[in-house]
Amino acid sequence: MRLTVVGCGDAFGSGGRLQTCYLVEAADTRFLIDCGASALIGFSRLGLDPNTVPTIFISHLHGDHYAGLVWWLLHAKHVAKRTAPLTVVGPAGVEARLKAAAEALFPGSTTVPPRHELRFLELAREVRLRVGSVAVTPFEVSHPSGAPSYALRFEAEGKVLSFTGDSEWVESLVLAGQGADLYVMECYQFEGGQRYHMSWSTIRPHLARIASKRVMLTHMAEAMLARRGEVVDPRVVLAEDGLVLDL
Ligand SMILES: [Zn+2]
Ligand SMILES: [Zn+2]
């Protein structure tokens, strides 16, 4: 399994980083984890082809995690001339929220149907869902987004890749990442508690019992970026846009 960091920034472009978007490639599947507003920019920078992604998973309905779908679908229709089916998997109401965003930004854009099949699937708390050859289990976290926000645990090709999404520390994050080959964890600050987000000081005490083989810290604000050199832990990788990791 190969993970490509298309974007690992926070909502505000801290450090010049693009918003959240990860590409996962396994033997018989490819999928995106989140699709921040800058997802297509990241794809273009890395020379990746959006038409080859059949499934997009969304952790929660904040713009820096799903708004890129607005441009993704316009690009599919008008530029990429996509014909391959696309499945979007997200929290309850994902289709309506995407439609509202698309109509606010590009009025009338949703009245012309795509030329490819487009289907939406909704996540349900701790219900394992199989989409093609990948399975996802969502764990509810603490991060208000107008719908349930989830940490996502993916199983593909015999590997487990987990992602916290955005959240303050909650115990469901232990189950979501338990024993994972890689746990991508939101680490907004270096220390202290910021409501609905995590810091390195809140994550660190839990790593031993989560027992994931590797941890990737992501979604870092400026203050965390400035101190990221102080994170010295053999389990931990710091996310960078364009980073490729083989599991
Ligand atoms: Zn975010
Ligand atoms: Zn968020």
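Select Glu-157 to begin: this residue is partly exposed, with 16 other C-beta atoms within 10 Å. The burial classes count other C-beta atoms, placed from the backbone, within 10 Å of a residue's own: 20 or more is buried, 12 or fewer is exposed, and partly exposed lies in between. Glu-157 sits in the loop between strand E9 (150-156) and strand E10 (159-163). Its phi is positive, about 55 degrees, although Glu-157 is not a glycine. Most residues other than glycine have a negative phi.

The model is predicted: local features need pLDDT of at least 70 and side-chain atom pairs count only at pLDDT 80 or more, while totals for chains, interfaces and linings use all residues. Residues are numbered from 1 along each chain as its sequence is written, and chains are lettered from A and ligands numbered from 1 in the order in which they are written.

Next, select Tyr-196, in the loop between strand E11 (182-186) and helix H6 (200-203). Tyr-196 is not a glycine either, yet has a positive phi of about 70 degrees. It is partly exposed, with 16 other C-beta atoms within 10 Å.

Now show the open sheet of 7 strands, in the order E6-E5-E4-E3-E2-E1-E14, with mixed pairing. Strands E6 (118-122) and E14 (244-246) each have a single partner strand, so one side of each has no neighbour in the sheet. From one strand to the next, the twist averages 20 degrees. Helices (H or I, at least four residues) and strands (E, at least two) are DSSP runs, numbered from the N terminus; two strands pair if DSSP finds at least two bridges between them.

Within the sheet, select E2 (residues 21-26) and E3 (residues 29-33), which run antiparallel and are joined by 5 bridges. Leu-23 stands opposite Leu-32 in E3.

Contact here means C-beta atoms, placed from the backbone, within 7 Å.

Colour Ala-39, Leu-40, Gly-42 and Phe-43, which are buried in H1. They lie on the same side of H1, because their arc around the axis is only 160 degrees, taken from the directions from the helix axis to the C-beta atoms. Their cover includes E1, E2 and helix H3 (68-78).

Finish at Gly-47, which follows H1 and has a positive phi near 70 degrees.

Methods. Axes fitted to C-alpha atoms, helices over the stretch in contact; angles between N-to-C directions. Contact = placed C-beta atoms within 7 Å.
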